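Me: Could you take a close look at one part of this model for me? I'd like one connected walk through a single spot and the strands around that spot.

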Amino acid sequence: MARPEQVLVLEPQHELKFRGPFTDVVTATLKLTNPTDRNVCFKVKTTAPRRYCVRPNSGIIDAGTSINVSVMLQPFDYDPNEKSKHKFMVQSLLVPYDMTDMEGVWKEAKPEELMDSKLRCAFEMPLENDKTHEGESKKNETSSTSVKSEHQTKQGSVSMDDGEVKKIMEECKRLQMEVQRLREENKQIKEDDGLRKRRVTSAAAPHSSNMAMTAMKDEGLTTRVLAFCLLFFVIGAIIGKMVL
């Protein structure tokens, strides 16, 4: 008696393609769809079990649903002159309504109840143009990653510069207040000195001494004011360079 026709829909139907290079694991996907109103058991078998890893290699597909099976080809030395003889077979079986053990169902199944589909394997190496395109894609990805890292680094530098600018601005403000205070103090000293000059009636010697002391004070204050102004100018120049 002929076996019943496969109820599962396979994608792809006849051939599993594995695209090199084969120096690493290469995976092909097999989609199994159950269009019936019954649950279906399935098994995936291969003529080269040591060369492939299949996940899942068995199970139950509910009515009206599908499942993706990953077929992983293990690394090997590819010979373009050697044709692949590897094959896969998908067996299926309608799940009995009273099923309690799936393994028991497979053991008790009659040959005329089993359905199967066979697929061959094909190995392909990428063309030179594809290799060039893949190399350019990887180069672009690396370049994008570098640009992104550089942008993040610049953002970190900008944040750090903003903090430094804030500190310098605060220092400039403090220096400006100090200069203003010194100017007011210098003005007050000059006013006091004018009063002292008008009140001087004593001898020339004490008068000369007072004048010398006043001149020293004025000179000291003027020197401090000039120093603070110079510092303020230098800090302003630094800030201008950082902003540019």
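Reply:

His86 is buried, with a relative accessible area of 14% (buried means under 20%, exposed over 50% and partly exposed in between, using a 1.4 Å probe and protein chains only). Before going on: this is a predicted model, where local features need pLDDT of at least 70 and side-chain atom pairs count only at pLDDT 80 or more, while totals for chains, interfaces and linings use all residues. Residues are numbered from 1 along each chain as its sequence is written, and side-chain values use heavy atoms, with hydrogens and water left out.

So where does His86 sit? His86 is in the loop between strand 7 (66-73) and strand 8. Helices (H or I, at least four residues) and strands (E, at least two) are DSSP runs, numbered from the N terminus. The side chain of His86 makes a polar contact with that of Tyr52, at 2.7 Å. A polar contact here is a pair of N or O atoms within 3.5 Å; within protein, one must be able to donate a hydrogen and the other to accept it, and residues adjacent in sequence count only if both atoms are side-chain atoms.

Leaving out residues up to four places away in sequence, His86 touches Thr47, Ala48, Arg51, Tyr52, Arg120, Cys121 and Phe123, with contact meaning heavy atoms within 4.5 Å.

Met89 has Lys118 of strand 9 as its bridge partner. Strand 8 (residues 87-94) and strand 9 pair in the antiparallel sense over six bridges; two strands count as paired if DSSP finds at least two bridges between them.

Strand 9 (residues 115-124) also pairs with strand 2 (residues 15-19), this time in the parallel sense over five bridges. There, Lys17 stands opposite Ala122 of strand 9.

Now the whole sheet: five strands form an open sheet in the order 2-9-8-4-6, with mixed pairing. Strand 2 and strand 6 (58-61) are at the edges with a single partner strand each, so one side of each is left without a neighbour in the sheet. Neighbouring strands of this sheet are turned by 25° against each other on average, direction ignored. For that angle, axes are lines fitted to C-alpha atoms, for helices over the stretch in contact, and angles run from 0 to 180 degrees between N-to-C directions.
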